[in-house]
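Please look at the model below before reading on.

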Amino acid sequence: MPAAHAPHPRPPHSAQPAGRPPHGARGHGSGAAHHHAHGDHGIDLGRLLELDGEVHADLLDSATARLAALTEPAQPVRRILDIGAGAGNGTLALARRFPAADVVAVDIDPVMLERVRQRASAAGFSDRITTLEADVLGEMAGLGASDLMWASASLHEVADPERAFQNLFSSLRPGGLLSILEMDAPPRVLPAELADWEERVRAAGAGSPADHPDWTAEIADAGFDAMRTTQLVMDASMAADGPAGEYAALELTRVGFGVMDALELTDRERLRALIDGGDGPGGLRELGELWIRGTRTLWTARRP
């Protein structure tokens, strides 16, 4: 995806940091398809997910445009399943991209599904977006066959990926398109002058590096074919006093819970100032602009 602004000079190691996003930000790791932990660390993770969708709107738009190019008009999309819908970022993006389709947001958390319904209503999609409380590892026969299936930042939480992909296969009609979007690494949010510091702070709590999910083998083993992978890039400057600033504050708060005890005093004080400072000295808004960057991988494949 083209950068929203010309890319900044990249400091060493900023684009591909080691380590997987802590599960606290993406789910419970319980085997359910969802990507949120309600009230984890006292953070409103539903709000963090909503802001993630807003800040990364261009990336989501690029992903759904690729899906449209692989389907319509030759293979019209009339029914879409969003597996592990969370706050509904993908649900809403898909409803906008495919105006003739009904979209079903599937998740195990009824609170998050209520959030999806509220957002769908506010966007004028109540007639096309419905919700369903279900587990990707459970019985999915009641979902019905879909033309398109979407799972964003959710499948890496399941305890039995083989079974999950079998269930996904059975819930697609023959010729239907599977799409999976995963972060390659946690996003980076601070501007260039603090990029090296952000890397050092995040690394303090990284522990042993872990690979990010590569679903290529699981997709093939489940019986899908015509597989493609695409890397989508986010690289944009955004005002610190807008949604990006709220997003960065929540993201840094999440990071802080994992690293504070490992940081030296000066780094702890700087991190707290960024999170809590608001318009004060050392606060995020004082920075003026943030640099939101990262990459995500999109897999697409068909059920024969």
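A charge counts as sitting over a ring if NZ of Lys or CZ of Arg is within 6 Å of the ring centre and within 35 degrees of the ring normal. In this predicted model, the charged end of Arg 270 sits over the ring of Trp 197, 5.3 Å from the ring centre.

**Charges over rings**
- Besides the Arg 270 and Trp 197 case, Arg 293 lies over the face of Trp 291, 3.9 Å from the ring centre.

**Aromatic pairs**
- The structure holds two aromatic pairs.
- Phe 165 and Trp 215 form a tilted pair, with 5.3 Å centre to centre and 50 degrees between the planes.
- Phe 165 lies in helix α5 (residues 161–170) and Trp 215 in the loop between α6 (195–204) and α7 (216–221), so this pair ties together parts 50 residues apart in sequence.
- Both Phe 165 and Trp 215 are buried.
- Phe 169 and Phe 224 form an edge-to-face pair, because their planes stand at 75 degrees, with the ring centres 5.1 Å apart.
- Phe 169 lies in helix α5 and Phe 224 in the loop between α7 and β6 (225–239), so the pair ties together parts 55 residues apart in sequence.
- Phe 169 and Phe 224 are both buried.

- Arg 115, in helix α4 (residues 110–122), counts as buried because its relative accessibility is 19%.
- Leaving aside neighbours within four places in sequence, Arg 115 is in contact with Asp 44, Gly 46, Arg 47 and Glu 50.
- Glu 264, in the loop between α8 (243–259) and α9 (265–276), is exposed, with a relative accessible area of 58%.
- The C-alpha atoms of Glu 264 and Ala 204 are 9.9 Å apart in space, and the two residues are 60 residues apart in sequence.

Definitions and conventions. Residues are numbered from 1 along each chain as its sequence is written. This is a predicted model: local features need pLDDT of at least 70, side-chain atom pairs count only at pLDDT 80 or more; totals for chains, interfaces and linings use all residues. Side-chain values use heavy atoms; hydrogens and water are left out. Helices (H or I, at least four residues) and strands (E, at least two) are DSSP runs, numbered from the N terminus. Buried means under 20% relative accessible area, exposed over 50%, partly exposed in between (1.4 Å probe, protein chains only). Contact means heavy atoms within 4.5 Å. Rings of Phe, Tyr and Trp (its six-membered ring) pair if their centres lie within 6.5 Å; planes under 30 degrees apart count as stacked, over 60 as edge-to-face and the rest as tilted.
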